[in-house]
Amino acid sequence: MKEKIINIVSNASYDSRKINQILVDKLNKSGYIPSKQFNENAELIISIGGDGTFIKALHKNNFPSIPIVGINTGHLGFYQEVDPDNIDEFIDDYTNGNYSIEQLKLIEAEVFTRNKSHVMLGVNEIALKAKNSKIIHMNVFVNRNHLEKFSGDGILISTPSGSTAYNFSLGGSLVHHSLDALQMTPMAPINSVVYRSLSSSIIIPGNYIITLAPEKRYNNSNLLLVDGQEYFFNNLKKINFKVSNKNIKKLVFSQDSYWLNLKSKFL
Ligand code: NAD
């Protein structure tokens, strides 16, 4: 019989460690093999913690195709589907196949420096800013059409599932995760007699390419923010953003959870 391996990723908080122990015990009793090490043959990943734990688990394991579900021991828990009080119900529902799989789109950035290119993936968003809290000036293109010369703190491009995160705090819209789109949201855009920048976010079809090309003086003083992690590039020329071909398979136990989440966490 095939081994039913489940990878468990947990943050180090007291609550998460306690839930981890309870979960491992219950999974063993239900015939599963919980694994602390990432096992590629696992049928499921369980992340215990907050949204940050869920996102870090995906980055650390190179955005695996194995389905993932989160047990929420953090504050908000937009990605974390399961309440720690409902572990028995969760194991029963999972074992009986009472769930569906939601495909979450990732954002892909192809970063071009003078002589190299790097591909980076994000779950929530990728933002381009200037280093040291300076204003950045950059040209923005959509499918090679010049849209604007932006001046301000930076530009953030979010996935639909990331639209409830940093994007929302910047005044961006909420975009349902079933839509194939990226949202480009300005961060403190400057509008004066000297500079003209679009002040609202734009939702762009998933098969379009957004290009951010910073002015020359930012080629060595830029900051790329990928799901809260900072990266710096020397000789940065431009970045192309698109919806990645890779996606995340998240377990969902109720079709209403998106709307319940929005109401309970924002209102
Ligand atoms: P973190 O793990 O402490 O998360 C920060 C907060 O963002 C948490 O409350 C988390 O629940 C919430 N969050 C994360 N993803 C979310 C989503 N898809 N929808 C709603 N809320 C979400 O911090 P971190 O690991 O440094 O960064 C993770 C995320 O934090 C980033 O991807 C970014 O979206 C968000 N962030 C938000 C702001 C802001 O709102 N001003 C600033 C920086 C980072």
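**Ligand site, pockets and cavities of a predicted model**

β5 (100–113) and α5 each supply at least two residues of the lining of the largest cavity; helices (H or I, at least four residues) and strands (E, at least two) are DSSP runs, numbered from the N terminus. The model is predicted, so local features need pLDDT of at least 70 and side-chain atom pairs count only at pLDDT 80 or more, whereas totals for chains, interfaces and linings use all residues. Residues are numbered from 1 along each chain as its sequence is written, and side-chain values use heavy atoms, with hydrogens and water left out.

Cavities and pockets are found on a 1 Å grid over the protein atoms alone. A cavity is a set of points where a 1.4 Å probe fits but cannot get out, and a pocket is an open set with protein on both sides within 12 Å along at least five of seven lines. Lining residues have an atom within 4 Å of a point. Grid points are joined across faces, edges and corners, and a volume is the space filled by probe spheres set on the points.

**Cavities**

- By this rule there are two cavities of 30 Å³ or more.
- The volume of the largest cavity is about 180 Å³.
- Its lining consists of 15 residues, and those nearest the centre are Phe 78, Glu 102, His 177, Lys 250 and Tyr 258.
- Helix α5 contributes three residues, the largest share of the lining of the largest cavity.
- The largest cavity lies between domain 1 (5–98) and domain 2 (106–245), because both give residues to its lining; the domain bounds come from an automatic or database domain assignment.
- Six nonpolar, six polar and three charged residues make up the lining of the largest cavity. In this classification Ala, Val, Leu, Ile, Met, Phe, Trp, Tyr, Cys and Pro count as nonpolar, Asp, Glu, Lys and Arg as charged, and the others, Gly among them, as polar.
- The second largest cavity holds about 40 Å³ of space.
- Residues lining the second largest cavity include Glu 148, Phe 150, Met 184 and Leu 198, and β9 (145–158) and β10 (181–189) each supply at least two residues of this lining.
- By class, the lining of the second largest cavity has six nonpolar residues, two polar and one charged.

**Ligand site**

- The ligand is surrounded by 16 residues, of which Asp 51, Asn 124, Glu 125, Thr 164 and Ser 169 are the closest; a residue is near a molecule if one of its heavy atoms lies within 4 Å of it.
- Glu 125 places a side-chain N or O atom 2.5 Å from an oxygen atom of the ligand, and a polar side-chain atom of Asp 51 lies 2.7 Å from a ligand oxygen atom.
- A nitrogen atom of the ligand is 3.0 Å from a backbone N or O atom of Ser 161.
- On its own the ligand has 790 Å² of accessible area, of which the protein covers 66%; accessible areas come from the Shrake-Rupley method with a 1.4 Å probe.
- Helices α2 (51–60) and α4 (166–169) are the elements that give two or more residues to the shell around the ligand, and α2 gives the most, with four residues.
- Domain 1 (5–98) and domain 2 (106–245) each provide at least three residues of the shell.
- The shell comprises six nonpolar, six polar and four charged residues.

**Pockets**

- The largest pocket has a volume of about 430 Å³.
- Among the 18 residues that line the largest pocket, Glu 81, Val 82, Asp 83, Asn 86 and Ser 257 lie nearest its centre.
- The elements giving two or more residues to this lining are α3 (87–95) and α5 (257–266), and α5 provides the largest share, five residues.
- The lining of the largest pocket has five nonpolar, eight polar and five charged residues.
- The second largest pocket, with a volume of about 330 Å³, is lined by 16 residues, of which Ile 8, Val 9, Ser 10, Lys 36 and Lys 60 lie nearest its centre.
- At least two residues of the lining of the second largest pocket come from each of β1 (5–10), α1 (14–29) and α2.

Methods: A polar contact is a pair of N or O atoms within 3.5 Å; within protein, one must be able to donate a hydrogen and the other to accept it, and residues adjacent in sequence count only if both atoms are side-chain atoms.
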